[in-house]
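User: Could you walk me through how to read strand pairing and helix packing in a model like this one?

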Amino acid sequence: MNQDIKRDEASSSTCESCNPIHKEEKEMYTHSHIHTIYDPEMDENKRKKKGNQQVLYTCPMHSEIKQKGPGNCPICGMALEPMVATANEEENEELEDMTRRFKVSTVLALPVFLLAMVADLAPSLLPAWLSMTMVQWIEFLLATPVVLWGGWPFFVRGYNSVKSWNLNMFTLIALGVGAAWIYSMVALLFPQIFPPKMQLNGGLVHVYFEAAAVIVALVLLGQVLELRARSQTNTAIQTLLGLAPNTARIVREDGKEEDIALEEVQVGDILRIRPGDKIPVDGIVTEGESNIDESMVTGEPVAIAKKTGDKVIGATVNTTGSLFIKAEKVGADTLLSQIVDMVATAQRSRAPIQKLADIVSGYFVPIVVLIAILAFSAWYIWGPEPRLAYAVVSAVAVLIIACPCALGLATPVSIMVGTGKGAAHGVLIKNAEALEILEKVDTLVVDKTGTLTEGKPKLVTVEVVEGVDAARFLTLVATLEQSSEHPLAEAIVEGANQRAYSLYKTKDFISITGEGVTGYVDGVDVAIGNKKLLENLQVDFSELALKAEQYRVEGQTVMLVALDGKAAGFVGVMDPIKESTPEAIKALHAQGLTVVMLTGDNATTAQAVAKKLNIDSVHAEVSPEEKSNVVTVLQNEGKVVAMAGDGVNDAPALAKAHVGIAMGTGTDVAMESAGVTLVKGDLTGIVRAITLSRGTMKNIRQNLFFAFIYNSVGVPVAAGVLYPVFGILLSPVIAAAAMSFSSVSVIGNSLRLRNLKL
């Protein structure tokens with residue numbers, strides 16, 4: 001198969017090397033590119049309706065295919081879908097078209113089928129005036145519109161597949177239906193050219209108009225059911241998009257309030273949130289207290305208390321009190337928009353397991369055509385009379401039953417449903433590869449601060465050497481830490497603010513990743529960090545080492561301080577363990593995972609936390625580079641490693657791990673480096689993510705097994721291997737029904753993932 005088809009965005013003209021393959025969509029196709037041709041004849045309303053000058057469409061099975069406007073995939077022939085989801089389910093033109101064709105085809109195919117059955121099995125029931133010649137002509141008149149109009153999309157896609165040499169399910173359908181109809185046409189118009197043994201009384205030859213018509217109707221039914229089921233896979237995105245309110249209540253500078261459209265909200269606007277209102281955008285509470293239901297992004301039903309200074313998420317629900325918030329992120333920058341974008345991207349991504357289906361599909365269609373030719377030849381040479389009729393029936397049955405649609409749908413539909421399910425429970429999967437690998441993870445490496453702990457530490461200890469004023473000491477330390485983004489720095493600054501200390505300005509601020517910070521504050525050189533930093537600055541800290549160790553045993557994080565190159569004291573910060581962490585680690589152990597803690601914190605503090613949580617192993621006092629090295633060592637030992645963290649210093653390890661898991665409460669850098677983001681930001685999300693991965697991959701394997709077994713059994717039966725022993729020869733009509741059922745079954749099985757308990 002050609003996997004290198006790209007959309008040439010820059011081109012809007014034709015290419016001499018291209019040939020038209022789909023006039024309705026005004027597309028041009030060649031071996032390596034597709035060009036969009038602007039159609040000036042299309043009126044303005046129609047262009048707005050189709051949106052094919054703005055909206056990009058992609059194939060649900062081949063995400064590398066992208067084009068402006070609807071159309072068909074040149075690889076598999078499936079209808080393209082819009083890449084950008086909307087809150088309201090848009091009109092599905094292909095579903096409408098296929099439904100219309102199915103209804104008309106069914107109305108015409110049913111009498112053809114009944115008439116053919118009566119003529120074959122109980123001809124005495126036919127009226128005396130109705131001759132077999134008339135029966136065949138009636139079948140022809142009814143079946144031909146079904147084949148040529150109802151089945152026209154299949155012939156177009158089949159022709160395109162042969163022309164571009166991307167053979168697919170429509171290749172087989174077009175060949176099968178075309179062969180049955182053409183054979184019947186020839187038999188009806190020129191019966192004398194067939195051998196005498198094939199001719200019935202009156203010189204007629206048996207025709208298969210009913211097979212051609214019913215096959216088209218059944219394939220159309222399969223397409224309708226498949227399109228409806230595929231539309232259900234986007235339910236999660238549509239539900240998320242529907243959560244956002246349409247309006248926001250803005251507070252003007254003069255104090256007046258008014259409702260405005262959500263699109264008009266700007267960063268910095270003050271908005272009133274009344275009880276029961278949905279929060280329109282991401283922001284920070286400036287006034288008031290309330291409880292916010294954040295279940296739409298976290299999956300947790302318990303409302304979260306919010307007060308002045310707390311952040312709120314757009315589309316969450318205010319339950320009781322009244323709030324004023326300041327808009328911080330609007331439009332595409334809100335968490336909800338990012339979630340929708342991440343889910344949509346993940347649904348279009350391809351899992352490594354899909355390569356197997358792609359490889360098989362690439363060889364499958366040519367092999368099926370070869371089997372159909374061999375079956376035709378075998379029946380024509382060695383079969384019973386009428387040999388040609390048996391040969392045609394078996395070849396058509398092979399072509400129809402072997403359509404690889406179920407094989408192609410097995411993976412992408414499960415991925416779409418699984419990622420949508422995860423998003424509804426606060427587990428955001430960046431791509432299908434991360435979802436697949438997560439199932440195999442046996443070692444989870446976690447950062448301490450913000451992952452195991454709340455990430456909201458508090459200043460609890462200030463210790464100074466003799467001769468140093470504690471108030472000035474803390475003022476200098478807090479001033480320097482104002483410039484740091486670390487949660488521990490925020491705790492120190494908050495501690496100074498609570499004591500009402502007035503802070504200075506910092507000069508020459510330097511952050512040394514994994515060690516600490518230095519700077520010049522009010523005429524003093526200040527250094528704050530760990531033992532490694534002070535050693536590099538050649539500061540002797542032996543006088544306070546024993547006392548600092550005592551606080552670490554209690555679980556405090558101790559930061560050493562030097563003023564003008566001399567040890568001046570230390571500050572101790574305590575970061576409470578998240579309430580959910582112990583239970584989550586217990587659940588991770590139950591899932592068979594080994595939990596490893598990596599932290600830049602002191603070994604004593606780290607061991608104290610690890611002991612409380614029953615963590616398997618600890619690596620303390622590690623730099624970001626060393627965190628990445630620890631991950632590498634574990635990988636070299638044959639471990640499949642997931643790394644969970646929330647800070648800038650975790651980004652290298654997140655990128656190095658087989659799967660990076662970012663806490664949604666952390667930094668954007670961490671989330672960019674990770675394959676999975678947990679909106680709520682605690683370890684219970686990892687338990688959910690692993691459960692989701694295992695459930696999705698199990699579902700995919702079920703689909704692939706079903707598709708492989710179906711084709712492995714169906715093709716030989718259709719070819720007639722059971723006929724010599726059991727006298728069974730599969731009708732093309734039964735083959736068409738089985739083919740449609742297989743695709744619908746795969747989609748139905750995938751949709752079961754929506755009931756997976758996370």
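This is a predicted model: local features need pLDDT of at least 70, side-chain atom pairs count only at pLDDT 80 or more; totals for chains, interfaces and linings use all residues.

User: Which strands does β12 pair with, and in what sense?

Analyst: Two strands pair if DSSP finds at least two bridges between them. Here β12 pairs with β13 (residues 304-306) in the antiparallel sense over three bridges. β12 also pairs with β15 (residues 317-318), again antiparallel, over two bridges; there, Asp293 has Val317 as its bridge partner.

User: Which residues lie on the covered face of β12, and which on the uncovered one?

Analyst: In a regular strand the side chains alternate between the two faces of the sheet. For β12 (residues 290-293), Ser290 and Ile292 form the covered face, while Asn291 and Asp293 form the uncovered one.

User: And at what angle do α5 and α11 cross?

Analyst: Angles run from 0 to 180 degrees between N-to-C directions, using axes fitted to C-alpha atoms over the stretch in contact. The axes of α5 (residues 169-189) and α11 (residues 387-401) come within 8 Å and cross at roughly 155 degrees. That makes the two helices roughly antiparallel (over 145 degrees).

User: Which residues make the contact?

Analyst: Contact means heavy atoms within 4.5 Å. Among the residues involved are Leu172 and Tyr183 of α5 and Val392 and Ile400 of α11.

Key. Residues are numbered from 1 along each chain as its sequence is written. Side-chain values use heavy atoms; hydrogens and water are left out. Helices (H or I, at least four residues) and strands (E, at least two) are DSSP runs, numbered from the N terminus. Angles under 35 degrees count as roughly parallel, over 145 as roughly antiparallel, 65 to 115 as roughly perpendicular and the rest as oblique. Buried means under 20% relative accessible area, exposed over 50%, partly exposed in between (1.4 Å probe, protein chains only).
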